[in-house]
Amino acid sequence: MNQWTETLHIAQFRIARPTDKLEQVERFYCEGLGLKKLGGFKGHRGYTGIMIGLPDASYHLEFTEHIDGSPCPAPTEDNLLVFYMPDSEQIQAVQSRLAKMGYPKVPPENPYWEEKGVTIADPDGWRIVLMNTEGI
């Protein structure tokens, strides 16, 4: 094992990206997907942001919006945020809820994700996969 990974102690990590659709993104990930809003801020050097994730987890997502604009086009259809969900009924419920909100299933770029998963594009076009497995 690498000596650096043996001694690396990380308290938390965050995946952050900008958006011009902060309210829609919050609704997609909280109301639609079912994650929790863990925190947020307004007016920090022109930025407003929210942190979304699983309670008591050491990782979360951050979405920020700048007063001058924060466009965030998805780079490709194969940039994914994968949620491993072993309960297929829960996946169906989330998929149905998101579809009713205007976010239908989309075909994945990589057919692997269709074998046991459902791919859905968020308000910015970034894709999530609801994968029906335990993960790694």
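**View 1. Surroundings of Leu-33 in the predicted model.** Leu-33 touches Phe-28, Phe-83, Val-94, Arg-97, Leu-98, Ile-128 and Leu-130. This list leaves out residues up to four places away in sequence.

**View 2. The largest nonpolar core.** Leu-33 is also one of the residues that touch the most other members of this core, together with Tyr-29, Phe-63, Leu-98, Ile-120, Ile-128 and Leu-130. The core holds 22 residues in total. Helix 2 provides the largest share, with five residues.

**View 3. Strand 2 beside strand 3.** Strand 2 (residues 36–44) and strand 3 run antiparallel and are joined by six bridges. Within this pair, Phe-41 stands opposite Gly-49 of strand 3. Two residues lie between the strands in their hairpin, where Arg-45 adopts a positive phi near 55 degrees.

**View 4. Strand 3 beside strand 4.** Strand 3 is also joined to strand 4 (residues 59–66), by seven bridges, and these two strands run antiparallel. Here Ile-50 stands opposite Phe-63 of strand 4, and Phe-63 is among the core residues that touch the most other members. The hairpin of these strands has five residues between them, and Asp-56 takes a positive phi near 65 degrees.

**View 5. Burial of strand 3.** Strand 3 spans residues 47–53 and is mostly covered. Five of its seven residues are buried.

Notes
Residues are numbered from 1 along each chain as its sequence is written. This is a predicted model: local features need pLDDT of at least 70, side-chain atom pairs count only at pLDDT 80 or more; totals for chains, interfaces and linings use all residues. Side-chain values use heavy atoms; hydrogens and water are left out. Buried means under 20% relative accessible area, exposed over 50%, partly exposed in between (1.4 Å probe, protein chains only). Helices (H or I, at least four residues) and strands (E, at least two) are DSSP runs, numbered from the N terminus. Two strands pair if DSSP finds at least two bridges between them. A nonpolar core is a set of buried Ala, Val, Leu, Ile, Met, Phe, Trp, Tyr and Cys residues joined through side-chain atoms within 4.5 Å. Contact means heavy atoms within 4.5 Å.
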